[in-house]
Every structure is written in C-alpha cells, then in structure tokens.
Number of protein chains: 2
Amino acid sequence: MKVYNFSAGPSMLPEEVKSEAQKDFVDYKGSGMSVTEMSHRSKWYDEIHMEALANLKKLMNIGDDYAVLFVQGGASQQFAAVPLNLLVKGRADYVVTGNFAGKAAKEAVKYGDCIVAATSKDKNFTYIPENVSFRDDIDYVHITQNNTIFGTRYTDRTYPVANAPIVSDMSSMILSEEIDVNKYGLIYAGAQKNIAPAGLTIVIVKKDLLGHEKDYCPTMLSYKTQADADSLYNTPPCFTIYMAGLVFKHLLKLGGVKEIQKINEYKAGLLYDFIDNSSFYHNYVNPADRSIMNVPFVCNSDELNAKFVKEAGENGLVSIKGHKLVGGMRASIYNAMPVDGVKALIEFMKKFESENK
Amino acid sequence: MKVYNFSAGPSMLPEEVKSEAQKDFVDYKGSGMSVTEMSHRSKWYDEIHMEALANLKKLMNIGDDYAVLFVQGGASQQFAAVPLNLLVKGRADYVVTGNFAGKAAKEAVKYGDCIVAATSKDKNFTYIPENVSFRDDIDYVHITQNNTIFGTRYTDRTYPVANAPIVSDMSSMILSEEIDVNKYGLIYAGAQKNIAPAGLTIVIVKKDLLGHEKDYCPTMLSYKTQADADSLYNTPPCFTIYMAGLVFKHLLKLGGVKEIQKINEYKAGLLYDFIDNSSFYHNYVNPADRSIMNVPFVCNSDELNAKFVKEAGENGLVSIKGHKLVGGMRASIYNAMPVDGVKALIEFMKKFESENK
C-alpha cells in the first residue's frame, strides 16, 4: 500500500534519497564496503563527512564565523549542552512556547540562574509571545523556533529582541524555510524530522561563544572539543551523516531552502485553507503563529478523533494521531512530504466529514 | 573487488545482515516505510526495539537485576556518564591499560577522587597488570576489557579483585566471548565494532546502582532516566538499533556467544601462530594477554610497514594500518570477519614476506 507518513519524527525521507541509499547499501560506490561498516578515518568516509558539512553550510548560508557540528543525543541532550557551554555570567532567559521549550528551561536551571521570561502556557501554547522583555546581563535567550506538538512557529514578527545571543531549537523546522543564521548565537536541531534518520544532532554555533564550558562539562558535550575535531573527536554516527548528506544534495538540486520553502508554504496553505473553511475540523492556533511543518487539528468529539486516526491509518495516512498534550490529530508535513500526500489527506478529510457529519 | 575490512571500528557487519537491511530498506515488511523514517512511538518500531533489548539479554544471559540501555555518544560519553552516575562516596580506581582507558581515567577526575590504581604504560601497554591493589571505600573499579589499539585483553587471570563493583568498557569485545555479567556492576560498549553501525552505545547496569546521579548530571546521561523509559526517553537511533537487532538474531542463529567465541579463537589462533612462526612479522604483546579481536603486528622497518599497508589495500585487505600510537599494522578480526578473511590476510603476509625478505 502507498503510505504517507505524517509522523512528527522520525519522519519521511525523500524517495530518491532512500533509493540511492538502498542501491549503495552493501557496496558504496565500488568500495566493497557498506557505509555502515567503514572506518570513520577512511578516505571514503572523510569525503562523505566533509561534503555533508560543506553542503549544510551552503544550504543555510553559514559563514566561517560559525562552527557546524554533527553530534549525538538529540535536542534533549542540547538542553544541557547549551547552558554547560554558554553560561559565563551564569544567567539566561527562556521563552516557553511548548513542551520541549519547557524541558529546555527546566534542564537549564541545574546550571545557573535560568528563568522563564515569557510563556504562552495561559492559552495552552496556541500562540508565540510578542515583545518579551529580557533581563540585562544574561548569556543568552533561548527560544524554540517551531513547536512540534502545538503547531506554532516564530516569525520575524515575534523574533526576540535582546542584548544577548539568541539560541534556537530548530529541530522541527531546520531547512524548511530561509533563516538568517547571523541573527543567532547558536542553533541546534535533532536531524530526524527534516534531515536524516534519528541519531544525529546539528549544532551551529558562533565561534566566539566557544571555549567557556564549565569544568564539569562532559568532554563529549563540549562544543569546542567537537569544533576543533570537525566532529570527529570520536566515532560519529557515520551512516546517519551519510543520509543527511544525501538529503542536503537533494535539497541543493531542488534549488535550495528558498525553493523548498515555497513548496512548504503551498502545502501548509492547502491544509489550513481547507480546515478554516470547514466547520467539522478546527485548528486553534493563532493564525499568524501557525507552523508550516506541524498542523494540529480536531473534530468535534474525542470519539470522532479516534475514528479519524484509525480510518486514516487504514487508508495509508499513518502516524497522524496528535500528541497526548493536545489530543486530536497532527499532520506533520516536513520537507519530504509530497504535495500529493497533503492532497490525499484533504481528500480523506472530505470523505470522513461527509460520512460522519 | 572482494574486500576484507580490518578496520578497528566501524567495522564489518555480517553479509546476511547487510542483505536483509538492504532488501527491507525502502519498505520494511510491507509497512510502506523505511525503518529510517518510522515514528519511534509506532508499533512497528516498538517491536524492533523491544525484540533487540530482549535478544541482547538472551545472548549475554543478563538477569532482571540489570537494566539494558541503548544510548548515544559512544564510549567516550560513558567516560563522563559513569562517574556522573556512580560516584556516591566520590572515589573510584582506574586501571589504565591503553589510550581509551587513559581517557576514561582523565575524564573521571572532573567528578571526584578518581585515581590510576595501576597501569601497563611502563611497557607501552603490552600487558594487563595482575594482582592490582585497590583502595577501600571506593564506588567502583574501572577496567577496559579489550584494548583496541594495543591488542590486549582481560581474562579470568587478570580479572580485578576488589570490594567494589567492576565497571568495564567492553567496546571492542562485547559478544565476542562469553562473559559472566554478574561479575560486573556496569558494562558499556560502543556498538560500532561487534554490533551495529556507529551511533549506538550499549549500557548494562545493575539496577541497585541506579538513581545516584549528581544534581548537575545531564538528564540524557542519567542511567535511571533511560532505564525508566526503556531507552525511549527521547528519540533513540532507531535504524542503528534495528541493525543491532539483526546482528543479535544472526548471532542467536549461529548458536550464541559460545559458538562465535570458538570461531573467534580459531581465527585469532591462525594469525598469532603464523606471526609467532615468522621472523619477518612480530607481535609484542604478552602472549597470555593477547586480544582475540585486535592483532597488532609489525615488520622490521617503517618502510616495510608502509609498503605492507599500501599493498594490502590494493589487494582488498583494507584499513589494516596500525594506530599511530603503535605504528605498523593492526588486523581487527571482530565477529563479522570471516575465517576466509583471516586466511586471505595470512596468504598475503606470506607473499609479502617472500617478496620483501
């Protein structure tokens, strides 16, 4: 059965990337080896690694004043790594716009005077706070650029203004829309949504922020250690980085982030327009703050929601159940979700509505 | 060209494991999805994850008094995680038998009164110290079971006697020989040698050691957090765990660790016998402490060593260069290296000797 996978992550990878990885899986380009079993110090892997780093820099237009790191442990590990590396004055301000933002803020409290400067918890995280005031003399402001569970995102309108570097968790939107990296001190992202299989985390950090890690910071969590070694301090997740590299090449071939952003806005527009014109489906996010990656929606009862999830799955629209904190459904429509997948979802939504009105 | 890959890690995977992963790469068992893109909360992945955990317990005969964790970051991250989780009295003793053992000891100093109780540095790590005395009132003794670079291993003869749990880095020998897990408080291992592609770390920890992590221990490095969540606290490296699961099934089919140990001893025996009967090749490790996974050897000059590495590579015997700390050659002959690979190496060694004597 043709399946469209609406999982919030790990999530769909481009067809051509999967095909190429499958073709080369046992014998990578005549090397006689699989990328899964190559020495990370071999010339074969070195090319894969360095090309992936270079292509990510190209895609995001990252200057030489930033270090790009391939690390492990997911965004959750960065919740500790960020304060462990960046707290010098010992103070940071967090904006809590969802579940993971809250976890990041909670972890940071272990390492210094870290506070929640603003939150959208009052309206169950259905908007992004504007015009937030931050403390003076802080090391950084932390935001979560796109909130996977609640379906909100930062835009230019809500971008925080502070006298400190902005640190952003871009896990669920990296490479989906154009971002001016120069506006950030540090960007991190789990790769398992828009980039690669799970097991790789991207960190993009301004070099002048490096070298201030706490004395009890684990060596593997030190950005400087990883930057100095081009993320080859120890064995990296080679195959996952190889897959990321294939995705980077695929995006460059499509025309880069600018072009994929147009497609993403088109896909999200189709779905939001359909929901907004329906009285059967609802999305409660402030329209100006809506994510173009994660679209939560509900029917008018828990029974209908459960029926929707079940029947959608039977029709090849899988992993569309909403997170338990929100309920209902969530369509995660990352870069690799084709327009046809969104159209198939809308067709199913129409049919389900007519059968259950 | 048929290639035998003697890399110290990442290293060879069994042919049948690679073939199966390739076959199912784009469409896993009719799910319409690749394992690289499945939600880690899906029923498909849940089965993969739980089966892999159960089969590792079966292979190593691990009792319910131990937690088995699938984490990230490699053994190098465990160098910090072990003291962060296990130091309660604040003291631990390390035996330094090589490069990684030294790194583990160095990292631990950040977290408490951790000392080197013994080392084999005096003879460039060519043996394992015997009858080591450890301090009283320590939290654990740390050893490195197999020393990848120097080609030594612990055996029953050198197993440390202490009034404290034994913590062992088994990265380069896990599942290669029978081990009584009950003799250890904690075992950890990077998976990229005997188990899976890089990006997965195995931790086996006695449950009564859990729950004592320092207050500044990153949540992701807390063994208790991972144990309580069956290693699904956040997104695990799903595809790498899937590959590990295929390797576990492959080993069970072969007859388990007992059977693969016989093959490993046979392979290592062939190579050591050949070297010991030669005046052209030398291995300087104390015979009783020789690793059956990593076999370092040298010719009589640096020029010959370089020529050997080059010509071996041209003949499909790749990644056989020794680590820079030792020089010469190193044949890593992990579980997945076939007997034919070792025989092909010995044939090449004979030919090279006759041409260069």
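**Close-up views: loops and helix pairs**

In chain A, the loop that runs between β4 (113-119) and β5 (140-144) holds N131(A), where helices (H or I, at least four residues) and strands (E, at least two) are DSSP runs, numbered from the N terminus. The model is a predicted one, in which local features need pLDDT of at least 70 and side-chain atom pairs count only at pLDDT 80 or more, while totals for chains, interfaces and linings use all residues. Residues are numbered from 1 along each chain as its sequence is written, chains are lettered from A and ligands numbered from 1 in the order in which they are written, and side-chain values use heavy atoms, with hydrogens and water left out. N131(A) has a phi near 50°, a positive value in a residue other than glycine, and its relative accessibility of 73% makes N131(A) exposed (over 50%; buried is under 20% and partly exposed in between, with a 1.4 Å probe and protein chains only).

**N61(B) belongs to the loop between α2 (43-60) and β2 (66-71) of chain B.** The residue is not a glycine, yet the phi of N61(B) is positive, at a value near 55°. With a relative accessibility of 66%, N61(B) counts as exposed.

**T235(A) is found in the loop that joins α5 (223-228) to α6 (238-254) in chain A.** Its relative accessible area is 12%, and T235(A) is therefore buried. Not counting residues up to four places away in sequence, T235(A) touches H40(A) and Q72(A) of chain A, together with P10(B), Q192(B) and A198(B) of chain B (contact means heavy atoms within 4.5 Å).

**E20(A) forms part of helix α1 (residues 15-23) of chain A.** A relative accessibility of 29% places E20(A) among the partly exposed residues. Its contacts, leaving aside neighbours within four places in sequence, are with K29(A), Y242(A) and L246(A). L246(A) is 226 residues away from E20(A) along the chain, while the C-alpha atoms of the two are 8.3 Å apart.

**Helices α3 (residues 74-86) and α4 (residues 99-108) of chain B pack with their axes 8 Å apart, at an angle of about 40°.** Axes are lines fitted to C-alpha atoms, for helices over the stretch in contact, and angles run from 0 to 180 degrees between N-to-C directions. The two helices, α3(B) and α4(B), are therefore oblique to each other (angles under 35 degrees count as roughly parallel, over 145 as roughly antiparallel, 65 to 115 as roughly perpendicular and the rest as oblique). From α3(B), the residues F79(B), A80(B) and P83(B) meet F100(B), K103(B), A104(B), E107(B) and A108(B) of α4(B).

**Helices α1 (residues 15-23) and α6 (residues 238-254) of chain B cross at roughly 135°, their axes coming within 9 Å.** That angle makes α1(B) oblique to α6(B). On the α1(B) side the residues are E16(B), V17(B), E20(B) and A21(B), and they meet Y242(B), M243(B), L246(B), V247(B), H250(B) and K253(B) in α6(B).
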